[in-house]
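Me: I am new to this structure and would like a close look at a single part of it, the place where the ligands sit. Please take me through it slowly.

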Amino acid sequence: MTDRMYELRDSNDAKDDSDELRRRIADEGYLFFRRLIEPSALLALRADILGVLGGAGWLESGTDPVLGIANIDGRCTEGDSEYSGPYGQVQRLESFHRVPHAPELVGMVQAIMDASAIPLPGHKARIWFPKFTDHTTPTHQDFVHYQGSLDTLTCWAPVGDCPIELGPLAVLERSHKVRKVLAHHFSLGAGGLVVNVEEEKATHPELSGHWLSTDFEVGDALFFPALTVHRALPNTTENLMRVSLDNRYQREGGMIAEHMLLPHLYDFHKVGWDEIYRDWESDDLKYYWRRHNYRRIKTNTSFRERGTAEAMQLARAGDEHALIALRRIVKASDPEAEQTLEARTILAAQTGAAHSQ
Ligand SMILES: O=C(O)CCC(=O)C(=O)O
Ligand SMILES: [Fe+2]
């Protein structure tokens, strides 16, 4: 994508003024802070995550893991069967589950919400290979993925410095003012769903703002509510791995969709909480959400189902991205599931068509 990027507004000046923070997020649809998170916690987490990735063969052998120099041959992403093993290992890290509870983060969320808040248990690490830009997180609103309530806040933070070329997050300024969940379509990128902003602009002038991002440094944090339109920028570096966190926070007593109570990508790696907690040094964060008030609600699967149905349709017409998505489903999903069987049939027909040409 070639949109010109403008700078995120740095709200450090308003850090201690919760009224001003609420005014800004209501007006602009995000809040960005420099060095909000204590860098030492993130750098320790970086060493842990990259240690796992090094062990998995995802980093160039003979290099210091902390540099994050990727082994290009290991490229894979969320939804790929090869991704699940190492990602399950990342999910076991105590340091990974501790960062979202950092007092500076929870305190900031509480100031923004003017209420006590709980991190949603399904924390996410995003590990992005270079030269894999077709798989970049596409333009979307978080509500389709996390659901629960509209005032759930996302906090995106890199684990290490993340300059523009490494593919940090970008937000569409004031796009939350559209005040609705927009139509999401199939996309190959992470999360699998994309909003076509150019098309939507015709009926939603709120989407005509600038795209904003910055050269992120370790400790920087970007907060936004569930309707703000955002995407990741492509990792255009020669060989560097992009590592980031996206954590979500819910008002105490609010609704949490049941899939957010599971470890992220549980359906792929099947590493459950007991297994995650097995080697932890302390117990304070284990099942912490059970000590809070929230309303558990059913997950709305319709967004994802619509995306998959579109992928099937596009693949029938030979669309390359849709075919990649279907191959991924066939490799990583239950072989007896209806969608796996459908995907296999479409792929077989496409292979047949290619051979008879
Ligand atoms: O890091 C990414 O690529 C995606 C993150 C994202 O969409 C989010 O934090 O909501
Ligand atoms: Fe998102």
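Reply: What follows is a description of the ligand site and the chain around it.

This is a predicted model, in which local features need pLDDT of at least 70 and side-chain atom pairs count only at pLDDT 80 or more, while totals for chains, interfaces and linings use all residues. Residues are numbered from 1 along each chain as its sequence is written, chains are lettered from A and ligands numbered from 1 in the order in which they are written, and side-chain values use heavy atoms, with hydrogens and water left out.

Helices (H or I, at least four residues) and strands (E, at least two) are DSSP runs, numbered from the N terminus.

Ligand 1 has 14 residues around it, and Thr 137, Asp 142, Arg 242, Asp 246 and Arg 248 come nearest, where a residue counts as near if one of its heavy atoms lies within 4 Å. An N or O atom in the side chain of His 140 is 3.1 Å from an oxygen atom of ligand 1, and a polar side-chain atom of His 230 also lies 3.1 Å from an oxygen atom of this ligand. For the side chain of Arg 248, the distance from an N or O atom to an oxygen atom of ligand 1 is 2.7 Å. Taken alone, ligand 1 exposes 300 Å², of which the protein buries 99%, with accessible areas taken from the Shrake-Rupley method with a 1.4 Å probe and, for residues, only the protein chains shown counting as cover.

Strand S5 (153-158), strand S11 (230-232) and strand S12 (242-251) each give two or more residues to the shell around ligand 1, and S12 supplies the largest share, four residues.

Terms used:
Polar contact = N/O pair within 3.5 Å; in protein donor to acceptor, adjacent residues only side chain to side chain.
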